[in-house]
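Work through the two exercises below with the sequence and the model in view, and try each task before reading its solution.

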Amino acid sequence: GASVGTYDISSSKNYDIGLSFVSGYKASELKAEIDLCYPKASTCWQESGENGFAALIAQPVLNDYIHAEFKWIPAIATQGWEGPIIYTSKLSIRTPTNWFYWTYNPIVKIIDPEGNQSIYQFKNWKAVDTAQYTIE
C-alpha cells in the first residue's frame, strides 16, 4: 500500500521493524541482504563508517511443529523432531554510521539455500540526527 509521511531513523542504531519471516529453513540457513541506499546508486554513508546490515533472528517459540513428531531417533540416540518444521525469524536492521541525511526506500532480500528470494521494500525512511531530540 501507499505510505504516508516519513519514518525517522538514525545512524548506528538497531531497528526491529516488525517483519517476521516464516519458512521451512532456520534463520541460520537464510541469507538477508539490504540496500539501505535505494534509490541512490552510490554509497550513502561516509566511507570511514561501518556499513549497515540486515539480520534474521530465530524466534523458536513461534515455530510451527504441527506436521512434525517428537520421538526417539536411533541415528542420533536421543529424542528430537522428525518431519517438517515451519521456522519463524524476525528481521533486525542496523543502520550505517555516518549515514547521509537523505530519504531512502530500503530493499531487503531474504534468500534461501535453493536460491529463492523474498523481496521487501520500505518507503520514506528519513535519516535524521536523533541527538537533536535528546532531553538533557
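A polar contact is a pair of N or O atoms within 3.5 Å, where, within protein, one atom must be able to donate a hydrogen and the other to accept it, and where residues adjacent in sequence count only if both atoms are side-chain atoms. The model is predicted, so that local features need pLDDT of at least 70 and side-chain atom pairs count only at pLDDT 80 or more, while totals for chains, interfaces and linings use all residues. Residues are numbered from 1 along each chain as its sequence is written, and side-chain values use heavy atoms, with hydrogens and water left out.

**Exercise 1.** Describe the surroundings of Asn105.

Step 1. Asn105 sits in the loop between strand S8 (103-104) and strand S9 (107-111), strands being DSSP runs of E with at least two residues, numbered from the N terminus.

Step 2. With a relative accessible area of 17%, Asn105 is buried (under 20%, with a 1.4 Å probe and protein chains only).

Step 3. Leaving aside residues up to four places away in sequence, Asn105 touches Tyr38, Pro39, Gln121, Phe122, Lys123 and Asn124 (contact: heavy atoms within 4.5 Å).

Step 4. A polar atom of the Asn105 side chain lies 2.9 Å from the backbone nitrogen of Asn124.

**Exercise 2.** Characterise the protein chain as a whole.

Step 1. The protein chain has 0 helices and 11 strands (helices: DSSP runs of H or I, at least four residues).

Step 2. Among contacts between residues at least 6 apart in sequence, 69% join residues at least 24 apart.

Step 3. Buried residues account for 33% of the 136 residues.

Key:
Buried < 20%, exposed > 50% of the residue type's maximum accessible area, 1.4 Å probe, protein only.
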